[in-house]
Amino acid sequence: MALPLALDIALRHLLHRRRQTLVSLLGVTLGVAFFIAISAMLQGFQRDFISRIIDIQPHIIVMDEVREPPRQPVERAFPDAAILLHGLKPREETRGLRGARNMLATLEEASGLHVAPALSGNVLIHFGGKDISVNITGITPDQERKVTHIEKDLLSGTLDALYTTSNAIILGEGVAKKAGIRKDDLITVVSPAGVMMKMKVVALFSSGITVLDNFDTYVLLKKAQVLQNRPNVINRLKIRLDDVEQAAPLAARIERQFGYRAEPWQEQSRNVLGIYVIQNAIMYPTVSAILIVACFGIFNVISTVVFEKTRDIGIMKSMGFRDSDVRLVFVMEGLIVGIVGTLIGWLIGWLLIEFMASLKFEMEGFVKAQGFVLYRTPRHYLISGGMAVLSATLAAWLPARRASRLNPVDIVRGAG
Amino acid sequence: MSEASPPALEARALTRELPGPVPVTLVRGIDLTIAPGEFVAITGPSGSGKSSLLYLLGLLDRPTAGTVLLSGEDTIGSSPDRLADLRLARIGFVFQFHFLLPEFSCLANVEIPIRKLGRLGGTAARRRASDLLEQLELGEHRQKLPEQLSGGQRQRVAIARALANDPPLILADEPTGNLDSRTAALVFDIFRDLAHTQGRSVVVVTHDAALARTADRRIHLVDGRIEG
Ligand SMILES: Nc1ncnc2c1ncn2[C@@H]1O[C@H](COP(=O)(O)OP(=O)(O)OP(=O)(O)O)[C@@H](O)[C@H]1O
Ligand SMILES: [Mg+2]
């Protein structure tokens with residue numbers, strides 16, 4: 001079975017300069033392999049983080065804040081006027097969601113979601129001569145368990161212990177570790193309002209999300225209201241949806257209806273998600289740079305081949321090869337390097353992923369993990385292969401076009 | 001010459017000028033007719049335009065005035081692709097330098113024009129190439145690379161390749177320039193045979209007056225014109 005003529009010639013050209021061909025092949029291979037491995041790693045972490053966030057955190061948090069300051073009476077009276085106001089004083093508000101009970105009732109009627117009220121604030125925990133500042137959240141366990149992951153994240157103890165033990169508190173694992181606290185220890189909690197309370201640690205939790213584990217604590221809603229000296233106040237409504245995709249639109253609707261700021265999960269995690277955007281913005285150019293270098297390699301080889309093969313091009317044309325036939329030979333050379341490089345790159349990329357998957361180590365970044373979280377998808381193979389083959393073909397195109405335009409008379413005359 | 005069979009090759013008022021600040025005229029006003037089975041030698045001093053004329057006759061170069069007719073087909077308005085196709089199917093070129101593709105064996109080199117034309121299948125192409133090498137007494141060298149052959153052998157492989165698609169017209173530019181006189185005479189015998197027993201038109205450019213005398217007809221170029 002004979003190869004098509006153009007392919008045959010292209011292959012022989014490449015095989016006759018093995019070292020150069022290998023170098024440009026290596027470029028493509030590395031570009032493709034790194035793209036696959038790095039994409040699997042980055043997207044693995046990102047998707048893992050997002051799925052954990054969606055699993056653990058409420059999908060929407062309604063807060064006792066408004067997005068824009070309330071409009072002044074004069075602004076409301078003249079909506080189109082340019083108004084400059086001096087000497088505005090903010091009102092000292094007793095913070096909290098006003099009409100929270102109503103909102104709760106309204107939201108509870110809606111289907112496809114669960115709501116839980118909370119009062120969060122800061123307190124100092126005092127234990128064994130150490131003071132640490134933590135977030136404290138007053139919750140109602142019966143509602144909370146339907147909205148967040150807290151119950152499943154408990155390492156010891158139960159969520160209901162908040163009901164059955166008086167002055168009970170649940171600590172994040174990181175909080176406990178920092179102060180050397182263990183379950184059943186008695187700790188002192190002091191609030192900014194000046195209330196001090198002895199509380200018993202009834203449970204520890206570990207969510208895997210580092211910031212939560214290091215700073216969050218939970219008590220009964222009533223206890224939190226007493227601690228913060230804000231009886232009956234609720235400053236958070238946490239919502240969990242059956243369909244996460246509805247988080248952003250529903251949050252917007254809640255804001256419009258009640259006037260309070262409602263953050264969907266994407267907004268709550270915007271810092272981390274923003275870092276991922278930066279990660280991607282760094283990774284894709286880096287991998288592309290490898291491919292670009294590979295392209296220079298291909299461009300270089302094929303330019304050299306065209307230069308060295310000038311005489312052969314002349315004879316091919318005098319034999320009756322059309323310009324397009326000559327071009328095809330050299331474009332084919334780029335294509336071969338691109339395709340073979342891609343295939344080897346796929347294999348090496350796959351091996352790299354399996355190697356990374358076999359590594360086990362403890363790490364703590366935004367989330368806790370044992371080893372790399374890898375995301376495997378045929379998409380990464382298709383994207384890297386597509387980019388490699390396309391850029392290899394483009395890199396070959398210029399020298400190929402030059403070859404096809406060579407005038408056979410000049411060549412034959414020069415060599416004769 | 002009967003009207004039914006047009007000449008294998010005809011040049012009418014063929015002129016080729018190179019443009020430029022000082023235009024160079026390579027050939028001017030060449031009229032020429034070559035019949036099937038005719039063996040013609042082109043002679044002339046160095047720089048007289050022999051190669052230039054051959055490139056025009058072989059449709060490798062285009063005239064600035066006049067035209068070339070191949071078996072009666074006027075090529076004046078033909079596209080570059082059409083000219084390439086004509087070269088492939090109807091013309092065999094042999095140059096002073098052998099111009100074999102170095103990565104291909106002798107057999108594979110001879111096969112290239114056959115594969116390009118695509119009229120014969122893989123096995124038939126191989127058999128034809130093999131037969132041609134056999135006829136030129138190169139049968140035992142078919143699997144060798146060009147660099148493993150002597151100059152005369154290479155030139156014969158190049159002739160086999162020029163014959164690959166059974167072209168009615170063979171054009172050779174100093175095919176014996178690099179060969180010793182005995183080998184050169186052998187190569188000339190081959191060309192004469194191609195014309196006289198195979199009925200092809202053969203045009204050979206040569207410096208060698210003795211060899212030129214063995215041709216049916218001599219065309220002497222001086223300064224881009226036919227003399228005498
Ligand atoms: N690209 C060019 N630019 C300028 N002059 C050229 C060019 N090509 C050829 N010539 C000139 O055209 C003339 C004819 O050249 P050609 O190669 O046809 O001669 P020739 O008869 O084949 O000579 P030789 O016997 O040395 O091969 C020569 O004087 C040559 O110098
Ligand atoms: Mg010449």
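Two strands count as paired here if DSSP finds at least two bridges between them. I note at the start that I am working with a predicted model.

**Entry 1: the sheet in chain B**

I began with the strands of chain B. Six of them form an open sheet, running in the order S6-S7-S8-S3-S9-S10, and the pairing is mixed. At the edges I found strand S6 (91-94) and strand S10 (225-227) of chain B, each pairing on one side only. Neighbouring strands of this sheet are turned against each other by 25° on average, direction ignored.

Strand S9 (residues 217-222) of chain B runs antiparallel to S10(B), and the two share three bridges. Within this pair, Val222(B) sits opposite Arg225(B) of S10(B).

**Entry 2: the UniProt record**

An unreviewed UniProt entry lists residues 9-228 of chain B as "domain: ABC transporter". I checked that span: its end C-alpha atoms are 20 Å apart, and it is 35% helix and 26% strand.

**Entry 3: domains of chain A**

Chain A splits into domain 1 (3-54 + 272-415) and domain 2 (66-73 + 94-260). I get 52 Å between the C-alpha centres of these two domains of chain A.

**Entry 4: the largest pocket**

Which domains of chain A contribute to the lining of the largest pocket? Domain 1 and domain 2 of chain A each give at least three residues. The volume of this pocket is about 890 Å³. I find 36 residues in its lining, and nearest its centre are Gln57(A), Ile61(A), Asn135(A), Leu212(A) and Asp216(A). Helix H8 (residues 210-215) of chain A gives the most to the lining, with four residues. By class, I have 15 nonpolar, 14 polar and seven charged residues there.

**Entry 5: the cavities**

How many cavities of 30 Å³ or more does the structure hold? There are two.

Of its 14 lining residues, Met319(A), Ile91(B), Gly92(B), Arg161(B) and Ala162(B) are closest to the centre. Helix H13 (310-319) of chain A supplies at least two residues of this lining, as do helix H2 (80-90), S6 and helix H5 (151-162) of chain B. So strand S6 of chain B, an edge strand of the sheet, turns up again in this lining. The lining has nine nonpolar, three polar and two charged residues.

The second largest cavity holds about 30 Å³. I list its lining as Ala8(B), Leu70(B), Ser71(B), Arg90(B), Pro168(B) and Leu169(B). Four of these are nonpolar, one is polar and one is charged.

How values were computed: Residues numbered from 1 in each chain as written. Chains lettered and ligands numbered in written order. Predicted model: local features only at pLDDT ≥ 70, side-chain atom pairs only at ≥ 80, totals over all residues. Heavy atoms only, no water. Domains from an automatic or database assignment. 1 Å grid on protein atoms, 1.4 Å probe; cavity = no way out; pocket = protein on both sides within 12 Å on 5 of 7 lines; lining within 4 Å. Points joined across faces, edges and corners; volume = space filled by probe spheres on them. Nonpolar A, V, L, I, M, F, W, Y, C, P; charged D, E, K, R; others polar. UniProt positions renumbered as here; feature names shortened; annotations may be inferred. Axes fitted to C-alpha atoms, helices over the stretch in contact; angles between N-to-C directions.
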